[in-house]
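Have the model open with side chains displayed.

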Amino acid sequence: MSEALKTLQEKIGATPDGAFGPNTAKNICNHYALNPERGAHFLGQLVHESGTFKYTEENLNYSTEAILKVFGKYFPTQGEAESCARNPQALADKVYGQRMGNEGQGYLWRGRGFLQCTGKNNYSQFAADMDLPEVMKDPDLLATKYPMESAIWFFHRNKLWEICDEGVNDDVIKTITRRVNGGYNGLKHRQKETHKIYAWLN
């Protein structure tokens, strides 16, 4: 059961049972004015990215092996990876510290929200676009208060709604996955969930 999903369900008027199913999917689409195509693509991506709405904050508690697999380009040697193993702050500061406007504060601006908004520049853009200046003083708000809003903002900002309107098929899901993930990680799962949710919404 997901506490983050329960909070969202209360907001959208669904039964707050912390379980994701057809009724919650329909309530989300009604609340945020998403047609079945947009809703299916959006929710299919969120289910994969957030562990079915369980996670609103990036888990950076990686083993040495996982660090080398996921962030290998930042760690030329195993010894360097070992120095960040099971140390989320050290890992985030290493891989995000000099990117996305973070100026050495990678952990502070780590991924939050159902689609993992990452980096000070992205937080700043979200705060400006949504008129939520408090986010820059308390970035945890993306995990606690605005996990869904930040995901909707990401789709809007990256013009993904127009791609959703092309229909629900594996090619379109692949295109959206590339925009969301930067690659095709978990593509089969994203396709399966998107098709399932589309059937719910119809």
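Phe42 is in contact (heavy atoms within 4.5 Å) with Leu34, Met148, Ala151, Ile152, Phe155 and Trp161, leaving aside residues up to four places away in sequence. This is a predicted model, in which local features need pLDDT of at least 70 and side-chain atom pairs count only at pLDDT 80 or more, while totals for chains, interfaces and linings use all residues. Residues are numbered from 1 along each chain as its sequence is written, and side-chain values use heavy atoms, without hydrogens and water.

Phe42 is among the residues with the most contacts inside the largest nonpolar core, which has 34 residues; others include Phe20, Leu43, Phe53, Met148, Phe155 and Ile197. Such a core is a set of buried Ala, Val, Leu, Ile, Met, Phe, Trp, Tyr and Cys residues joined through side-chain atoms within 4.5 Å; buried means under 20% relative accessible area with a 1.4 Å probe, protein chains only. Helices 1, 2, 3, 10, 11, 12 and 13 each supply at least two of its residues, a helix being a DSSP run of H or I with at least four residues, numbered from the N terminus. Helix 3 (36–50) gives the most, with 5 residues.

In helix 12 (170–181), the residues Val172, Ile173, Ile176, Thr177 and Val180 are buried. Viewed down the axis of helix 12, its buried residues lie within an arc of 140 degrees, so they line one face of the helix; the arc is taken from the directions from the helix axis to the C-beta atoms. The buried residues of helix 12 pack against helix 3, helix 10, helix 11 and helix 13. Just after helix 12, Gly182 has a positive phi of about 80 degrees.

Technical notes. Buried < 20%, exposed > 50% of the residue type's maximum accessible area, 1.4 Å probe, protein only.
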